[in-house]
Protein chains: 2
Amino acid sequence: MTAAPETGYTVLAPDVLAQRDVADPLARFREFFDLPEGVIYLDGNSLGALPRRAEQIALKVLRHDWREGLIRSWNEAGWHDLPRRLGDKIAGLVGAAPGEVVMADSTSVNLFKVLAAALRLRPGRSVIVSERDNFPTDLYIAEGLARLVGQGHELRLVDTPVQLNEAVREDCAVLMLTHVNYRDGAMHDMAALTRLAHRHGALAVWDLAHSAGAVEVDLNGSAADFAVGCTYKYLNGGPGAPAFAFAARRWQAQCEQPLSGWWGHAAPFVFDSAYRPEAGIGRFLCGTPAVLSMAVAEAGIDLMAEATPARVRAKSVALCEAFIALVEHHCAGFGLELASPREAALRGSQVSFRHRDGYAIMQALAERGVLGDYREPGILRFGFAPLYVRYADIGNAALALKEVLATRAWDQPRHLARRAVT
Amino acid sequence: MTAAPETGYTVLAPDVLAQRDVADPLARFREFFDLPEGVIYLDGNSLGALPRRAEQIALKVLRHDWREGLIRSWNEAGWHDLPRRLGDKIAGLVGAAPGEVVMADSTSVNLFKVLAAALRLRPGRSVIVSERDNFPTDLYIAEGLARLVGQGHELRLVDTPVQLNEAVREDCAVLMLTHVNYRDGAMHDMAALTRLAHRHGALAVWDLAHSAGAVEVDLNGSAADFAVGCTYKYLNGGPGAPAFAFAARRWQAQCEQPLSGWWGHAAPFVFDSAYRPEAGIGRFLCGTPAVLSMAVAEAGIDLMAEATPARVRAKSVALCEAFIALVEHHCAGFGLELASPREAALRGSQVSFRHRDGYAIMQALAERGVLGDYREPGILRFGFAPLYVRYADIGNAALALKEVLATRAWDQPRHLARRAVT
């Protein structure tokens with residue numbers, strides 16, 4: 001073991017990493033996932049891995065519920081309750097109470113709902129404050145909503161978090177932030193920024209896409225008003241698995257969201273011609289849920305609940321710190337620059353490095369079985385999903401990165417050519 | 001064979017029904033579905049049956065794409081193209097051109113998008129005209145949108161189709177109709193009503209929930225402006241399978257929809273902070289699609305394309321006419337009243353009967369293996385999915401209905417007690 005002078009984190013030798021895996025209280029969770037051979041998967045913040053139980057659920061939905069039960073399965077197989085039942089499970093992972101979270105639609109669609117609900121609770125105020133570096137879809141959704149409402153509503157974007165203190169003023173209806181930044185993993189202080197919003201009479205809307213299942217989130221402890229989040233990243237819900245929406249209980253009865261489809265109606269099967277919202281969180285439902293995708297997501301959600309966010313966070317911090325130390329030790333002099341906060345308390349479960357040729361480097365790494373992600377501009381993004389990433393994996397990933405950089409293996413036409421990635 | 005005097009349709013004897021099955025050009029399609037034993041399924045207009053290929057697709061998505069490919073599958077397994085590729089297949093079933101349909105979200109969410117887009121194309125007009133008997137979620141969505149836009153926008157509802165002629169005036173921005181009514185199966189003349197809208201400078205938005213895969217739809221031949229539809233009914237896409245949205249090519253470049261999520265961006269992976277919509281139908285996408293549910297839906301869509309809407313419609317008309325004749329023959333005197341149009345050209349692929357005790361009757365029928373659906377007030381709804389419903393099935397269903405009515409088998413507490421149904 002050597003100390004990395006720059007970080008203060010310890011550079012762990014391979015045998016020490018192996019010992020950590022042996023001692024890891026979450027080690028057994030890796031067996032609940034079905035991971036491909038020869039891959040070190042550091043992109044669980046983009047798409048989580050496959051829980052083994054997912055296939056059982058899918059086959060049960062297909063062979064039993066859909067085939068046998070057909071229409072009866074809405075009642076008899078519990079399809080009807082899925083959005084609320086899984087919402088309650090997710091609530092337990094993000095510091096919300098049962099009845100405050102519902103699973104539905106996509107993160108973008110849910111953001112539109114909660115943002116519109118929040119705006120309506122703040123009549124006379126017309127500004128949504130956010131960060132220019134927020135995940136783009138959040139800004140696009142706010143932009144679309146502001147244009148539709150059209151009464152001088154606008155989006156006020158800041159370039160650095162400290163500018164939020166000035167941007168949140170008496171004209172601010174909503175402070176809309178993503179808790180953990182998708183690019184550099186920087187994590188906001190949810191409680192402090194929610195207080196900032198409330199102090200100026202605004203509401204706080206949080207996007208937990210890179211938080212749920214990655215860091216400890218305490219929505220009610222932070223007095224958050226509304227939130228949305230994703231289940232296909234650290235919650236391992238499956239590709240495009242439905243997202244979730246949170247509305248604090250104190251707002252539920254009085255808030256209104258414009259995607260007022262029949263699933264949010266107090267009595268959808270009475271087939272009234274006028275909309276009357278369900279009393280609770282159900283009013284954030286809209287249309288019929290994608291049952292198969294939603295049902296399968298329960299496998300990953302259950303694993304996270306069993307692991308507990310506290311244990312996941314502890315291992316995540318250890319993995320991130322070890323990775324930073326290893327990369328800065330092995331890859332010194334190759335032009336990499338840490339893009340994530342160095343302090344764990346300010347960082348989610350990912351570590352990003354900046355490099356001019358980041359895209360090509362990530363392609364070359366992928367060829368060596370190390371899957372991370374690339375984000376403009378020049379960001380190599382490594383996500384650490386503590387349920388299936390081992391300490392040994394990050395040691396090997398750091399060595400692969402060293403090899404790619406030292407040999408300039410990335411400097412090949414096939415790595416430099418871009419194409420659509422997610 | 002006896003002639004049913006009331007209908008003019010022929011009452012077919014069991015042996016004749018059996019002969020029709022033998023001669024049915026669509027008979028072989030039943031084998032492509034996995035249907036439960038002992039069930040006559042006449043609720044395909046609520047949830048279509050399971051295509052056998054659905055399981056193969058689900059296992060391929062789970063075992064190959066998700067497990068092996070992980071994040072790479074967005075490109076390499078074609079997940080990224082799913083909404084457009086399946087949209088093009090659906091386009092071929094509803095009289096649209098490739099590039100005019102995209103698969104996404106739920107019918108309700110898509111209706112919000114196209115309705116908002118249509119409203120914006122008609123500035124200065126503030127009325128959405130529809131029918132009070134439209135499927136409730138359509139009215140709820142229009143109501144939610146009108147309240148959000150809030151500039152005197154309103155929903156003008158008529159009680160009978162003929163009143164549309166007066167309701168569509170110069171203040172009308174959009175005529176929003178469901179092509180085939182969910183309750184009684186009455187089918188509108190899409191071309192004539194679209195002309196009515198256009199004559200007054202309004203746009204026509206069609207909901208094809210009970211049309212796609214059931215009747216022949218010619219969106220472009222009718223000059224329809226926008227449409228939405230469902231894939232989990234007659235298209236057999238699976239429970240809550242993602243819906244679709246149509247925008248006529250002439251509107252695509254100039255129209256704008258407010259659910260402007262990153263999937264509708266011209267270059268989502270550039271991560272611009274400003275929204276710039278894709279040039280074509282892609283701008284009607286919003287968030288990440290529910291891949292598993294969407295991929296599985298291809299099985300049913302492909303079967304419908306192979307069967308062709310024309311052949312499906314021909315058999316549907318024959319099934320409906322035969323069922324009306326059989327029920328009116330066997331069940332005369334038991335208080336049933338045909339609630340659907342008697343003329344095939346005015347009817348979709350369902351036949352509804354009215355009865356004071358409709359709910360309990362449908363429960364008693366279900367106990368006898370005949371699954372239809374109940375809709376308030378007092379409507380027994382029988383949907384005919386020509387890909388897997390046989391002529392013999394409708395003969396047996398009519399006889400079961402006769403038995404339930406003749407013996408008053410429905411008059412039991414367990415049948416009379418209501419619960420949530422879809």
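**Note on the predicted model: aromatic pairs and sheets**

1. Phe135(B) and Tyr182(B) are both buried, where buried means under 20% relative accessible area, exposed over 50%, and partly exposed in between (1.4 Å probe, protein chains only). This is a predicted model, in which local features need pLDDT of at least 70 and side-chain atom pairs count only at pLDDT 80 or more, while totals for chains, interfaces and linings use all residues. Residues are numbered from 1 along each chain as its sequence is written, chains are lettered from A and ligands numbered from 1 in the order in which they are written, and side-chain values use heavy atoms, leaving out hydrogens and water.

2. Aromatic pairs come next. Rings of Phe, Tyr and Trp (its six-membered ring) pair if their centres lie within 6.5 Å; planes under 30 degrees apart count as stacked, over 60 as edge-to-face and the rest as tilted. By this rule there are 39 aromatic pairs over all chains. Trp262(A) and Trp263(A) make an edge-to-face pair, 6.4 Å centre to centre with 90° between the planes. Trp262(A) counts as buried because its relative accessibility is 9%. Trp263(A) counts as buried because its value is 5%.

3. Phe135(B) and Tyr182(B) are also an edge-to-face pair: 4.9 Å centre to centre, 85° between the planes. Phe135(B) lies in the loop between β5 (127-131) and α6 (136-149) of chain B, and Tyr182(B) in the loop between β7 and α8 (190-199) of chain B, so the pair ties together parts 47 residues apart in sequence. Helices (H or I, at least four residues) and strands (E, at least two) are DSSP runs, numbered from the N terminus.

4. Which cluster holds these residues? Ring pairs link Phe135(B) and Tyr182(B) with residues of chain A, including Trp74(A), Trp79(A), Trp262(A) and Trp263(A).

5. Now the sheet of chain B. Seven strands form an open, mixed sheet in the order β4-β10-β9-β8-β7-β5-β6; strands pair if DSSP finds at least two bridges between them. The edge strands of chain B are β4 (101-104) and β6 (154-158), each pairing on one side only. The twist averages 20° from one strand to the next. Strands β7 (residues 172-178) and β8 (residues 203-207) of chain B run parallel, joined by five bridges. Val174(B) stands opposite Leu203(B) in β8(B).

6. In chain A, strand β4 (residues 101-104) is covered on both faces. Val101(A) and Met103(A) are buried on one side, Val102(A) and Ala104(A) on the other. β4(A) pairs with strand β10 (residues 243-247) of chain A, antiparallel, over four bridges. Met103(A) stands opposite Phe244(A) in β10(A).

Definitions and conventions
Axes fitted to C-alpha atoms, helices over the stretch in contact; angles between N-to-C directions.
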